[in-house]
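User: Hi! I am new to reading protein models. Could you walk me through one, step by step?
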Amino acid sequence: MSAHIPSFSMILGIYHVWSRNMRVFRKNYKVNSLPPFVEPLLYLGAIGFGIGSYVGEVDGMPFVRFIAPAILAASVMNASFFECAYGTYVRMYYQKSFDAIMATPVSLREIILGEILWGATRGLISAGAILIILSILGLADLPGSLLILPLAFLAGFLFAAIAACFSSVTPSIDALSYPSLLYIAPMFLFSGTFFPLSLLPQPLQIFAFIALPLTHVVILSRGIMVGDAMPLWPVNLLWILAGIVIASIIAVKLYEKRLII
Amino acid sequence: MDRIIDAQNLRKEYGSLTAVDGVTFSVKKGELFGFLGPNGAGKTTTMKMCECVSPRTAGSLSLFSLDPDTEGKVIRSKIGVVPQETNLDTELTVEENLLVYATFFDIHPDEAMSRTDELLEFFQLTTKRTTLIEQLSGGMKRRLLLARAMINQPDLLILDEPTIGLDPQARHHIWERLLTIRSQGRTIVLTTHYLDEAARLCDRLVIMDQGKILDEGSPQDLIDRYIGMDIVEVDNTPAVKKCLESQQIIFESAGEMVQIRTSSPRVIADSLLTECPGIRVISRPATLEDVFLLLTGRTLRD
């Protein structure tokens, strides 16, 4: 079977699923376009400017400049993760959209990859919104910071694929709060987001490097946006790319196990 | 190509549960073919295998002479499916539901728009074009599901309980539309547990129960074969029973009523009315319901 060779018809199927979601998103653009702007402003205001005034400098830069790239990275994570955890689950379980699409030539594998691609797009949209704000506040150097957009897309892809793994096995929508609480929330706090990773005990540093993908995204974002050192950037990038492939394959397999019965 | 669907000893097992227990049937081109059976008979599971969304456990199955296991994509492009459970896209309008569904079949947007116009007209939904799904009545949702299933101009239409929960007007509208669709040369397969629906629509049907096909034929053929006569129904009272026994008439107790199968309903009715005055006597031709109850019994199903 040509399971892993993407054919033209497969790419087309993925695109159709993606564009269905895009269409719904655009219909509700007034509701959907505000949160990506508001959320980072809250964090920047409270933590960056508020707490930051006590903190002073971190790694040789003002605290608010230190956390700005991390807030962008975390917003990409949240947008993509929640889209493919809750959004995908609602479409699969409550709206029965997958059943409807599976009766057409589009296969379940294409549906799931389309969902993940859409989750990545949500991350990209968030990154774009935050980049505008950060540029206005002088917290992102242009045009070099534009490189954050392709990174945000890859990071979004990764978090969307991870989320799809969770939504494929969750017994109910309420149970999705477990990965949110036990994985996403700690990742938000302990991935070098609000303080340098080097402050953590060494075993935790290693854990963050291996198991918390946001760590890699934060390192790369900070390197791109404020010129922080990122000596291991090929490793960071490789982790993200490998994570995308592995999580996507697992998500597709788990969804096939759940829905093709 | 005469046979649209061909199934031989088709089986579906979920763990230790056998949902479909070796069924053999074939559907010819242009036919309106029905699966009649009580809840849990295995009708929906059989449909899902034909729709190439659920793989079979054993047996052989082909649609358009293609194997669902390997040619699912091609087969699905030639069929239209109306599911039992409404799965319209609630975030979209009536028109958008059709347009978006068309994209899954790679139908060009211009073509999709003209087909949408036609289908909305055909199913009398034109005035609801920009309405959101949640504002539609049950009957409208069913009609839209049918319209959606027709967007790829399918050779085969598979409908799982197409008129479930609808009022008589909506049912008649759908029946009429289905007969029109069949007259265009398309093949239709439907499941139902409404006997009037099966009797009225189906050219041929199978009666299914507990995963097996009990019999097959046209509605009239089945009635002639199993009942073959008219039915007289009388109140189930001791006096009636005594009277029937004294005249050596064979009868069957069915709850509140006693049923007599006979080729001379008038004679029996007259004699009963003379012998036991004041009772209620109904004489009627046999229906598919009589065949159905004869074959599947009167025990309640979940």
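User: Which domains is chain B divided into?

Analyst: Domain bounds come from an automatic or database domain assignment. Here, chain B has domain 1 (3-78 + 154-224), domain 2 (89-152) and domain 3 (229-285). This is a predicted model, where local features need pLDDT of at least 70 and side-chain atom pairs count only at pLDDT 80 or more, while totals for chains, interfaces and linings use all residues. Residues are numbered from 1 along each chain as its sequence is written, and chains are lettered from A and ligands numbered from 1 in the order in which they are written.

User: How many residues of domain 1 and domain 2 of chain B take part in their contact?

Analyst: Two residues are in contact if their C-beta atoms, placed from the backbone, lie within 7 Å. Domain 1 of chain B gives ten residues, and domain 2 of chain B gives ten residues. On the domain 1 side, helix H6 (residues 168-183) of chain B supplies the largest share, three residues. Helices here are DSSP runs (H or I, at least four residues) and strands are DSSP runs (E, at least two), numbered from the N terminus.

User: Is B:Val20 buried or exposed?

Analyst: A residue is buried if 20 or more other C-beta atoms lie within 10 Å of its own, exposed if 12 or fewer, and partly exposed in between, with C-beta atoms placed from the backbone. B:Val20 is buried because it has 28 C-beta neighbours inside 10 Å. B:Val20 belongs to strand S2 (residues 17-28) of chain B. Beyond its neighbours within four places in sequence, B:Val20 contacts several residues, including B:Leu10, B:Gly42 and B:Gly211.
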